[in-house]
Amino acid sequence: MAKPGLRLAFTARVKVGPAVELGTGPEGRRRMIPILSGTVDGPDLRGSVEGGGADWQKVWSDGTI
């Protein structure tokens, strides 16, 4: 059986804002990282990242995000 191959799908370069700390709950600390803008570029894909989204995170007590 042949091994599956891998190839680059795309590279995303995203500008983000500073983390906004939202507080600590029973399952860890919550924070939000605003997405400001960016680009996506690959062999079969090219585009832009529009601002307005966010990365919503939970930070566990062991540091895992």
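Colleague: In which strand is the place of Gln-57?
Modeller: This is a predicted model, where local features need pLDDT of at least 70, side-chain atom pairs count only at pLDDT 80 or more, and totals for chains, interfaces and linings use all residues. Residues are numbered from 1 along each chain as its sequence is written, and side-chain values use heavy atoms, with hydrogens and water left out. Strands are DSSP runs of E, at least two residues long, numbered from the N terminus. On that numbering, the place of Gln-57 is in strand S5.

Colleague: Is Gln-57 buried or exposed?
Modeller: Buried means under 20% relative accessible area, exposed over 50%, and partly exposed in between, with a 1.4 Å probe and protein chains only. Gln-57 has a relative accessible area of 14%, so Gln-57 is buried.

Colleague: With which side chain does Gln-57 make a polar contact of 2.6 Å?
Modeller: A polar contact is a pair of N or O atoms within 3.5 Å; within protein, one must be able to donate a hydrogen and the other to accept it, and residues adjacent in sequence count only if both atoms are side-chain atoms. A polar contact of 2.9 Å joins the side chains of Gln-57 and Asp-55. The polar contact of 2.6 Å is with the side chain of Arg-31.

Colleague: How many salt bridges does the structure hold?
Modeller: Side chains of opposite charge can pair when their charged atoms come close. A salt bridge is a side-chain nitrogen of Lys or Arg within 4 Å of a carboxyl oxygen of Asp or Glu. Among them here is the pair of Arg-29 and Glu-21, with the closest N and O atoms 2.9 Å apart. The number of salt bridges in the structure is four.

Colleague: How many residues apart are Lys-58 and Glu-27?
Modeller: The side chains of Lys-58 and Glu-27 form a salt bridge, 2.7 Å from N to O. This pair links distant parts of the chain: Lys-58 is in strand S5 (residues 54-59), and Glu-27 is in the loop between strand S2 (20-25) and strand S3 (28-41), a separation of 31 residues.

Colleague: Asp-41 and Arg-46 meet in a salt bridge; what is the relative accessible area of Arg-46?
Modeller: The N to O distance in this salt bridge is 2.9 Å. Asp-41 counts as partly exposed, at 31% relative accessibility. Arg-46 is exposed, and its relative accessible area is 68%.

Colleague: What is the mean pLDDT of the chain?
Modeller: pLDDT is the predictor's confidence in each residue, from 0 to 100. Here 100% of the residues reach 70 or more. The mean pLDDT of the chain is 94.

Notes: Helix = DSSP H or I, 4+ residues; strand = E, 2+ residues; numbered from the N terminus.
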